[in-house]
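Trainee: I would like to learn how to read a fold from its model. Please take me through it step by step.

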Amino acid sequence: MSNHGEETEYGHLPDPDASARFTHPAPETLPVRLTVNGEIRELSVDTRTTLLDALRENLHLTGTKKGCDHGQCGACTVIVDGRRINSCLTLAVMHQDAEITTIEGLGTPDNLHPMQAAFVKHDGYQCGYCTPGQICSSVAALKELEAGIPSHVTHDLVSPPEMTADEIRERMSGNICRCGAYSNILAAIEDVAGGQKS
């Protein structure tokens, strides 16, 4: 006769059948339809899957990088319905029918997006890990400026914000470059914006 699970002077003995009684339910999955870089993609994902992981693991678009996984570094920045977001902080199922642009959708090696070309021209990268997020963020930041969306450093909230180095720096402050290529990144963005070099 087995004495597993019985009380002893040292406490309960382990019950080998306990794991069979405590089973975990399968994760809940939902279908998600996304337009990624102009192509409609249909997935079935665990409801806990971040947009970052859906892009990297399910769609194999590995240009978007996983850095801190806490929304602090900006390496995972993508453009969703025209706005930049940290894809590590949002769930894929929250973006049903969204239009998503990743670094792969901005340009190709033979036909670079102007911002990609400017980063190359101004050496706006060193190790390159943060570069996809920096470029996606830069493209969206210039669209914010063109749309007249103010930032924390905008002085006049009635007039459109000016294309200044301070405005660009503030808008890019959520994208960290551990190599410290900030001055070159700024030069690349200013080049695309057609603004004054600082």
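Trainee: Which residue in β4 does Pro-31 stand opposite?

Mentor: Pro-31 stands opposite Ser-44 in β4. Before going on, note that this is a predicted model, in which local features need pLDDT of at least 70, side-chain atom pairs count only at pLDDT 80 or more, and totals for chains, interfaces and linings use all residues. Residues are numbered from 1 along each chain as its sequence is written, and side-chain values use heavy atoms, with hydrogens and water left out.

Trainee: What elements does the protein chain have?

Mentor: Seven helices and seven strands. Both are DSSP runs numbered from the N terminus: helices are H or I with at least four residues, strands are E with at least two. From the N terminus on, the order is β-β-α-β-β-α-β-β-β-α-α-α-α-α.

Trainee: How do I read strand pairing?

Mentor: Strands of a sheet pair through backbone hydrogen bonds, either parallel or antiparallel. Here two strands pair if DSSP finds at least two bridges between them. β3 and β4 are antiparallel over eight bridges. They form a hairpin with two residues between them, and Asn-37 in the turn has a positive phi of about 55°. β3 and β7 run parallel, joined by two bridges; there, Val-36 stands opposite Ile-100 in β7. β5 (residues 77-80) and β7 (residues 99-101) are antiparallel, again over two bridges. Ile-79 stands opposite Thr-101 in β7.

Trainee: What is the strand order in the open sheet of five strands?

Mentor: The order is β4-β3-β7-β5-β6, with mixed pairing. β4 (39-46) and β6 (83-86) are the edge strands, each pairing on one side only. From one strand to the next, the twist averages 40°.

Trainee: Which helix packs on the sheet and touches β3, β4, β5, β6 and β7?

Mentor: Helix α2 (residues 51-58) does, and its direction makes about 110° with that of β4. Contact means heavy atoms within 4.5 Å. Angles run from 0 to 180 degrees between N-to-C directions, with axes fitted to C-alpha atoms, for helices over the stretch in contact. Helix α5 (residues 131-146) lies across β5, β6 and β7, at about 40° to β5.

Trainee: How do I describe two packed helices?

Mentor: Two packed helices are described by the angle between their axes and the distance between the axes. For α4 and α5, the axes come within 10 Å and cross at roughly 125°. The two are therefore oblique to each other; under 35 degrees counts as roughly parallel, over 145 as roughly antiparallel, 65 to 115 as roughly perpendicular, and the rest as oblique.

Trainee: What about the nonpolar cores?

Mentor: In soluble globular proteins, nonpolar side chains tend to be buried together. A nonpolar core is a set of buried Ala, Val, Leu, Ile, Met, Phe, Trp, Tyr and Cys residues joined through side-chain atoms within 4.5 Å. Buried means under 20% relative accessible area (1.4 Å probe, protein chains only). The largest core has 23 residues, and Met-115, Ile-135 and Ile-189 have the most contacts inside it. α5 gives the most to this core, with seven residues. Apart from it lies another core, of 15 residues, among them Leu-51, Val-78, Val-80 and Ile-100.

Trainee: How much of the protein chain counts as buried?

Mentor: Of its 198 residues, 38%.

Technical notes:
Buried means under 20% relative accessible area, exposed over 50%, partly exposed in between (1.4 Å probe, protein chains only).
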